[in-house]
Amino acid sequence: MNQHTRFDLPICLAVEEDAFFRSDEIIKSYMPEIIGEKAMIISEQFLIDTYSEKVSDISRDFGGAEIYAMDGASFDEAVKIAKRVCIEDVKVIIGFGGGRVLDTAKYAAHISKAVYICMPSSLSNDSLASPFAVLETEGSARKTLACKIPTAIIVDTSMIINAPLNQTLSGIGDTLAKHTALFDWKLSAKRSGTHIEDFAYALSRMSFDSVYHCDSKDIKSRVFIRILSRALVMGGLAMEIAGSSRPCSGSEHLFAHAIEEHYPQIRITHGLAVAMGSIPACIFQGQDESGLMECMRTYGLDISPASYGITEDMFADMWEKARTVRRGRISVLDDVDTDRGRLNEIYYRMAEK
Ligand SMILES: [Zn+2]
């Protein structure tokens with residue numbers, strides 16, 4: 001039996017056109033009690049400058065909320081924000097930005113026990129609704145910290161459509177990677193004599209299916225942005241229900257962690273790194289990878305390692321490092337022989353256009 005039985009769900013999930021211009025009405029209809037409470041908007045300076053109109057509008061909506069430009073996505077920064085929130089009796093934290101901002105704001109809200117409203121400026125990964133925050137601890141070292149999920153999530157589809165394309169592609173990659181994550185989760189449960197949480201599995205599978213089988217693969221369309229927003233939120237909730245990241249993270253994420261930790265010079269988004277890892281993972285798992293590869297190409301994801309300066313040698317080494325980057329994490333990598341000839345063959349198959 002799994003120990004984990006309790007989970008939370010956000011009270012509000014609004015995915016609407018121009019939602020940020022009416023965030024107060026949205027929040028009022030779900031949580032009238034917090035209107036009038038002191039609020040603080042956490043963001044980054046360049047976002048505050050780029051979206052000055054929207055940010056001031058949100059601030060006005062929340063009684064002239066202070067706009068705070070954070071200084072890096074670190075544990076110390078989250079603690080610093082939480083300290084101010086507690087001392088100044090701030091009751092509501094609004095995170096406005098990408099993954100770094102949202103993780104910092106989420107953790108600051110967790111430690112200060114403030115209500116957390118998540119407002120993504122782009123959809124780059126599934127951490128927006130997950131019960132985890134990845135923050136820098138010492139220097140460039142990072143740690144995944146457990147925390148409370150957001151109380152409210154407001155997605156402004158107009159903003160996401162205009163966000164940098166690479167961010168949206170990353171969000172698609174993180175969603176398609178669930179295919180191999182779910183396989184590894186089942187494998188791990190079987191090996192350790194536990195069972196998987198069926199509803200977490202179903203949510204994560206539906207998240208994958210909605211993007212994989214989506215009729216309109218036009219990533220600038222409103223319909224698609226709504227589908228992707230919900231897919232990423234459902235991924236986060238699957239982790240909350242399972243009480244672990246396993247519904248969304250398997251050997252393809254181990255590969256991405258190996259890049260982050262051992263090849264920090266490689267510039268690739270999280271979602272594209274896990275998408276790149278999911279093709280070899282799929283092959284290691286004995287599943288047919290052609291559908292996944294085709295789908296990634298249709299969306300325009302570039303999963304060729306060479307495009308990011310990853311050579312055959314580096315690629316082979318990344319898979320070697322992936323085996324040990326999170327010890328104790330059971331995955332298909334425990335079984336496969338990542339033989340060099342086979343890896344080279346996969347490397348070149350992924351480079352085909
Ligand atoms: Zn991920």
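Me: In what order do the strands of the open sheet stand?
Reply: This model is predicted: local features need pLDDT of at least 70, side-chain atom pairs count only at pLDDT 80 or more, and totals for chains, interfaces and linings use all residues. Residues are numbered from 1 along each chain as its sequence is written. Strands (E, at least two residues) and helices (H or I, at least four) are DSSP runs numbered from the N terminus. The open sheet has 6 strands with parallel pairing, in the order β1-β8-β5-β4-β2-β3.

Me: Which strands stand at the edges?
Reply: An edge strand here has a single partner strand, so one side of it is left without a neighbour in the sheet. The two are β1 (12–16) and β3 (66–69).

Me: By how much are neighbouring strands turned against each other on average?
Reply: Angles run from 0 to 180 degrees between N-to-C directions, with axes fitted to C-alpha atoms, for helices over the stretch in contact. For this sheet, direction is ignored. The average turn is 15°.

Me: Which strands does helix α3 touch?
Reply: Helix α3 covers residues 52–61 and packs on the sheet. Its direction makes about 160° with that of β2. The strands touched are β2, β3 and β4.

Me: What is the bridge partner of I94 in β5?
Reply: Strand β4 (residues 92–97) runs parallel to β5, and 6 bridges join them. Across this pairing, I94 has as its partner I117.

Me: How many residues of β5 are buried?
Reply: Buried means 20 or more other C-beta atoms within 10 Å, exposed 12 or fewer, and partly exposed in between. V115, I117 and M119 are buried on one side of β5, and Y116, C118 and P120 on the other. For the strand, residues 115–120, the buried count is 6 of 6.

Me: Is K91 buried or partly exposed?
Reply: K91 lies in the loop between α4 (75–87) and β4. Its contacts, leaving aside neighbours within four places in sequence, are I34, E37, K38, A114 and V115; contact means C-beta atoms within 7 Å. K91 has 16 C-beta neighbours inside 10 Å, so it counts as partly exposed.

Me: At what angle does helix α10 run to β1?
Reply: Helix α10 takes in residues 222–242. It lies across β1 and β8 (152–156). To β1, the angle is about 160°.

Me: How do α7 and α13 run to each other?
Reply: The axes of α7 (residues 165–176) and α13 (residues 290–299) come within 11 Å and cross at roughly 165°. Angles under 35 degrees are roughly parallel, over 145 roughly antiparallel, 65 to 115 roughly perpendicular and the rest oblique. So α7 and α13 are roughly antiparallel.

Me: Which residues of α13 meet α7?
Reply: From α7, the contact takes L169, I172 and L176. From α13 come L292, C295, M296 and Y299.

Me: Which residues of α9 meet α7?
Reply: Helix α9 (residues 198–212) packs on α7 at about 130°, with the axes 8 Å apart. That makes α7 oblique to α9. On the α7 side stand I172, T175 and L176. On the α9 side they meet S207, F208, V211 and Y212.

Conventions
Two residues are in contact if their C-beta atoms, placed from the backbone, lie within 7 Å. Two strands pair if DSSP finds at least two bridges between them.
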